[in-house]
Amino acid sequence: MAHQNVYIVSNSSYVPKGVMTNQDFEKMVDTSDQWIHSRTGIRERRIAAEDESTSDMGTNAALKALKAAKKRADDIDLILVATLSPDFIFPSTACIIQEKIGASKSAAMDIQAACSGFLYGLSVAKAYIQSGTYNNILLISSEKLSAIIDYEDRNTCVLFGDGAAAQVISNEGPGLLVGEVLLGADGSQSELLCMQGGGSRNPASIETVKQRLHYLKMTDGQAVFKTAIKKMAEAGSRIMQKANLTSDDIAFFVPHQANLRIIEVLAKKFNVPMERVVTTLQKYGNTSASTIGIALDELLQRKVLKEDDKLLLLAFGSGFTWGSAFLTFKKEDQHD
Ligand code: UT7
């Protein structure tokens, strides 16, 4: 049986209005614009309003993506939401967004793969469409990380921001044709980047609040940094081999946006000059699952893509999880 082609037919993003600059952090913790910028590349990040939730941001991005794809909410068969900062532990944020956008015919579920959430979601969407199970899937990445950031912990608070992205993924183009998508995971170092409170192991209590367990913690940033480079480098090499592509085939590199130094090392490894690397972390920091969708939106807005341009996507996050994907820009639907 011939597999269906799978396209990202629209890609939209939403970032909240509130801006928090490095200078703002200088007034809160022992840090400096110079330290933050030189170690991470970040200048500022967006922060959601108090009454703006992960589902609100995801809904904004989703409505834009539906409009751009010229689809109605009722055309959607499945909603996938990649997030590590859901509205609630349950019900899923996907169900909440389903109701908000009125996608009454869709199934809905969340995907928890931290910063690799977009690529995990893309792989799930691809499998459902390729198998013929569904024709139209709405993939949403949305993060209100400011809700779980410890603004007294300088090791983590300067790194993260809020934002969302959404894609309509379909069996008919044109758009970004989804090629190989590869995923990986290694749970042996899960404690290096985690939030320990609020789940079944440490249910919420006065003690868990006092111990600040309801915040995201990164206990060894350098170890995370090194593993991120190693795993994304391996994932990139593996996918190029599998897809039979070389560095010359990469028109643009769209990596997860955690640290500019990580991105620069990978760009060098894959021989992609920085003009062809999409970076948004200067403005938005690390928005976890949302980074790649937001970066893709910036790239598409620039209207620089030419027919058959190939994009390499790489992600790494808590778990640890990682993933890689190739997308090809197609102005017309490709029939098999
Ligand atoms: O998205 C999921 C994946 N996440 C990542 O990939 C993040 C990976 N890690 C990183 O990006 C980097 O490790 C950080 C940006 C978090 C830290 O950069 P680093 O160059 O690895 O710094 P470090 O952790 O080795 O810390 C160097 C120094 C320490 O001080 P001492 O011990 O040398 O006196 C830290 O206490 O910098 C200090 N430091 C800070 N100083 C000013 C840590 N955070 C800050 C800060 N401002 N915000």
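Between which two strands does the loop that holds Phe320 lie? Phe320 is placed in the loop that runs between β12 (310-317) and β13 (321-330), where helices (H or I, at least four residues) and strands (E, at least two) are DSSP runs numbered from the N terminus. The peptide bond from Gly319 to Phe320 is cis, with omega near -10°.

The model is predicted, with local features requiring pLDDT of at least 70 and side-chain atom pairs counting only at pLDDT 80 or more, whereas totals for chains, interfaces and linings use all residues. Residues are numbered from 1 along each chain as its sequence is written, and side-chain values use heavy atoms, with hydrogens and water left out.

A cis peptide bond also leads from Phe90 to Pro91, with omega near 0°. Pro91 belongs to the loop between β4 (78-82) and α4 (93-101). In the loop between β5 (107-111) and α5 (117-130), Ala114 has a positive phi of about 50°, although this residue is not a glycine.

The ligand is surrounded by 23 residues, each with a heavy atom within 4 Å of the ligand. The closest are Thr31, Arg39, Gln222, Asn259 and Asn286. By class, this shell comprises 11 nonpolar, 8 polar and 4 charged residues; Ala, Val, Leu, Ile, Met, Phe, Trp, Tyr, Cys and Pro count as nonpolar, Asp, Glu, Lys and Arg as charged, and the others, Gly among them, as polar.

Oxygen atoms of the ligand are 2.9 Å from a side-chain N or O atom of Arg154 and 3.0 Å from one of Arg261. On its own, the ligand has 960 Å² of accessible area, of which the protein covers 75% (Shrake-Rupley method, 1.4 Å probe).

Two or more residues of the shell are given by each of α2 (33-40), α6 (154-157), α8 (221-242) and α9 (260-269). The largest share, 4 residues, comes from α8. At least three residues of the shell are drawn from each of domain 1 (7-178) and domain 2 (180-330), with bounds taken from an automatic or database domain assignment.

How values were computed:
A polar contact is a pair of N or O atoms within 3.5 Å; within protein, one must be able to donate a hydrogen and the other to accept it, and residues adjacent in sequence count only if both atoms are side-chain atoms.
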